[in-house]
Amino acid sequence: MISARPARLFFFLIASVLPVSFGQTAAPPSNSAGHEYFVDCSSSGNGSGESPASPWNSLDSLQSKVFSPGDVIRLRRGTECRGSLWPKGSGSADHPARLTAYGEGSRPKIFAGDKPTQAFKLFNQEYWDIDSLDLSGGTTFGIFISGDKGILHHIHLTNLLVHGVLGGDLKSKDSGLVVISPGTVNQWFDDVLVDGVTAYNTKQWAGIMVGGGNLGFTPENTWSTHVIIRNSIVHDVQGDGIVLFRVRNGLIDSTVAWRTGMQQTESTGTPNAIWTWMCHDCIVSHSEAFLTDSPGVDGGAFDIDYGNTNNSLLDSFGHDTQGYCVAVFGAGFVTRTSVVRGNVCIDNGRSPRMSAYQSAIFLHTWNGGSIDGLVVENNTVYWNPLGADPPLINDATIQGGEAVFKHNAIYSTSPAFVESNRALSLNSNHYFYYGAQPERWQYGSATFDTFKNYQRSTGQDSESSLQQVSMADANEQWFRVAASAPVSIAKSPSLPITGTDYEGKTVALKDGSGHWRINCWLPAKLNADGLLDASVSQQLTILKSISLQFPASKLKIVVVMRAVPQTEIASLRTAIRDLQMNNVTFLIEPTPSTDSIDKAQVILSSPDGKVRGAWDGFAGPTDIGFAVRKELRTPVYPQMETSKNE
């Protein structure tokens with residue numbers, strides 16, 4: 001972030017393919033070495049806990065036992081347990097302990113109320129799989145996992161709903177909904193997975209944070225390692241959305257954050273939606289951030305912050321922010337080898353104060369920091385500020401490695417385009433100006449009123465182009481160039497006229513005429529625990545964000561789950577119910593079909609039935625999200641109220 005605050009190349013290569021090929025978690029080892037325990041807080045009697053017929057009926061009974069490797073604790077779906085949960089013991093590398101659900105209905109709820117510090121806790125424990133729970137309450141944390149010594153391994157959080165941490169005052173950035181935070185410099189984590197977690201509504205700082213702690217600038221060999229946050233959603237938090245602090249080998253992929261930085265006055269720090277700090281070999285990819293705010297500075301979507309080495313921001317979508325879309329910072333340290341590639345930025349800088357200071361793409365250093373090695377390429381920016389502010393501001397100290405801004409497309413209503421010192425090299429960019437005022441190009445200490453004078457005098461953007469477009473044509477042409485051309489589907493599957501939804505009801509589909517539609521076909525992949533496969537969750541996370549931004553009256557979304565084995569239908573229905581995608585129609589095909597698929601296929605069609613975009617495989621936010629935005633324009637944000645969506 002802007003104010004002071006506490007992967008080598010193989011990562012770059014990995015990021016060029018679908019993110020599910022990176023960090024895929026193998027099915028966990030068999031838990032046959034342990035015992036099963038059952039909790040039903042609606043039961044009138046307290047049993048042995050050793051069967052569904054004789055369950056424990058309180059969290060106190062569960063917490064009186066120390067669990068061993070391979071043990072599985074199951075809470076009954078459709079029930080609520082009161083209090084804070086801290087299961088004791090640890091699993092092992094071969095046999096993790098597991099906390100999960102059983103039965104039918106909604107995820108079992110754990111409600112901590114407004115007195116306990118957190119709803120769920122682990123401390124100096126490892127090898128835990130926690131999934132399929134609804135956790136709420138607490139004064140400081142929803143989930144808090146920490147320790148004070150050694151390396152804690154294998155903390156996996158999957159298919160969780162964490163919300164309503166409202167009981168205390170905001171005092172520290174080391175607080176929030178999901179916080180996995182070392183307690184001392186002598187303790188850190190290895191193998192952390194946060195997958196399919198929705199975290200929202202807190203008076204505390206962060207949505208999902210891994211590697212926090214008020215520990216200062218610790219040596220790199222004490223940073224947490226192998227951390228993945230994916231397929232997760234955060235909204236309505238006081239500070240940061242999704243962050244990695246002090247991590248080596250980290251990935252944030254296919255995540256969404258909105259309404260971050262909602263603190264009324266700046267008391268704790270300067271928030272950003274999705275970012276990394278003191279991170280070595282870390283990637284943010286295929287993610288979306290919007291409606292970001294801050295009472296001070298920042299209020300941006302994505303941030304490669306100071307102390308980072310080999311960090312990349314790839315194929316992500318930042319829109320409708322108060323501050324920047326993308327920032328690269330250096331402060332007190334050198335930020336080395338950063339890549340910003342393939343991202344889309346629309347309507348950032350909605351605050352006149354912050355757009356003048358930050359722009360859409362902001363390169364900035366302070367406190368003796370610098371940037372060494374930076375590539376900003378193949379990004380698309382739609383810039384429509386309330387003042388005459390440029391979409392690119394660079395006032396950073398850049399030294400050592402090359403710093404380039406190339407092959408970017410900038411669409412702007414502002415006459416100001418570039419404001420940069422002489423340390424940044426610009427070339428092969430395409431600028432589109434929707435306005436009549438004289439242009440302004442600032443490079444070094446000189447300012448130029450035409451693109452040709454800027455090119456001729458500075459030698460920059462020598463192979464770039466500028467196209468002037470009248471404001472009268474802006475509405476028709478503003479979104480007419482896609483970030484990337486959609487891939488045509490060689491064989492488009494047919495959409496059923498009728499089908500069975502995840503509740504077992506027969507659904508009749510209309511032809512869709514008169515409505516924009518997204519039709520998505522997905523293989524029905526479940527892992528060994530009966531949870532959605534990460535590749536399926538990845539596509540559904542992107543579609544859920546779209547469905548929340550555009551109501552069914554403007555955009556209908558149908559998802560067909562293909563080739564579902566009869567033995568997995570019940571588990572698939574439960575998994576879909578947990579997604580809470582109430583604005584989306586799901587159909588289940590229970591038997592393999594002749595045109596069954598093993599990957600996603602997505603089609604966007606217009607009210608007249610014409611295909612406006614088609615993707616054979618994963619359609620990320622810069623593909624399907626941007627395509628919908630081009631056609632339907634500004635999302636319907638007032639509908640995105642917490643009480644209605646979660």
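Cys81 is buried in this predicted model. Its relative accessible area is 1%. Cys81 forms a disulfide with Cys41, and the two sulfur atoms sit 1.9 Å apart. The torsion about this S-S bond is about 100°, so the disulfide is right-handed. Cys41 lies in the loop between strand S1 (36–39) and helix H2 (59–63), while Cys81 belongs to strand S4, so the bond ties together parts that are 40 residues apart in sequence. Cys41 has 19% relative accessibility. Is Cys41 buried or exposed? Buried means under 20%, so Cys41 counts as buried.

**Disulfides**

How many disulfides does the model hold? The count comes to three. The table sets them side by side.

| Disulfide | S to S distance | Torsion about S-S | Hand |
|---|---|---|---|
| Cys41 and Cys81 | 1.9 Å | about 100° | right-handed |
| Cys279 and Cys282 | 2.1 Å | about -70° | left-handed |
| Cys325 and Cys345 | 2.2 Å | -75° | left-handed |

Cys279 and Cys282 are both buried. For the link of Cys325 and Cys345, the sulfur atoms are 2.2 Å apart. Cys325 sits in the loop between strand S23 (317–319) and strand S24 (326–331), and Cys345 sits in strand S26 (residues 344–346), so this pair ties together parts that are 20 residues apart in sequence. Cys325 is buried at 1% relative accessibility. Cys345 is buried too, with a relative accessible area of 1%. Number the bonded cysteines in sequence order and the pairing reads 1-2, 3-4, 5-6. Another cysteine, Cys520, counts as buried at 1% relative accessibility.

Side chains of opposite charge can pair when their charged atoms come close. A search of the whole structure finds 18 salt bridges. Asp578 lies in helix H7 (residues 569–579), and Arg77 lies in the loop between strand S3 (72–76) and strand S4 (80–82), so the pair ties together parts that are 501 residues apart in sequence. Asp578 is buried, with a relative accessible area of 6%. Arg77 is also buried, at 8%.

Arg98 and Asp529 form another salt bridge, at 3.3 Å from N to O. This pair links distant parts of the chain, 431 residues apart. Arg98 is in strand S6 (residues 97–102), and Asp529 is in the loop between strand S41 (516–523) and helix H6 (534–549). Arg98 counts as buried, at 6% relative accessibility. Asp529 counts as partly exposed, at 25%.

Arg230 pairs with Asp195, the closest N and O atoms being 2.9 Å apart. Arg230 lies in strand S15 (residues 224–230) and Asp195 in strand S13, 35 residues apart. Arg230 is buried, at 7% relative accessibility. Asp195 is buried, with a relative accessible area of 7%.

**Gln204**

Is Gln204 buried or exposed? Gln204 has a relative accessible area of 2%, so this residue is buried. Its side chain reaches the backbone oxygen of Asp169 at 3.4 Å. Asp169 is also among the residues that Gln204 touches, leaving aside those up to four places away in sequence. Others on that list include Thr139, Thr140, Val165, Gly168, Leu170 and Lys171. The list also includes Ser175, Gly176, Val237, Gln238 and Gly239.

**Parallel strands**

Strand S31 (residues 403–406) pairs with strand S28 (residues 370–377) in the parallel sense, over four bridges. S31 also pairs with strand S34 (residues 425–427), again parallel, over three bridges. Which residue in S31 is the bridge partner of Glu377? The partner is Lys406. Lys406 also stands opposite Asn427 in S34. In a regular strand the side chains alternate between the two faces of the sheet.

Terms used:
Residues numbered from 1 in each chain as written. Predicted model: local features only at pLDDT ≥ 70, side-chain atom pairs only at ≥ 80, totals over all residues. Heavy atoms only, no water. Buried < 20%, exposed > 50% of the residue type's maximum accessible area, 1.4 Å probe, protein only. Polar contact = N/O pair within 3.5 Å; in protein donor to acceptor, adjacent residues only side chain to side chain. Contact = heavy atoms within 4.5 Å. Salt bridge = Lys/Arg side-chain N within 4 Å of Asp/Glu carboxyl O. Helix = DSSP H or I, 4+ residues; strand = E, 2+ residues; numbered from the N terminus. Pairing = 2+ DSSP bridges. Disulfide = S-S within 2.5 Å.
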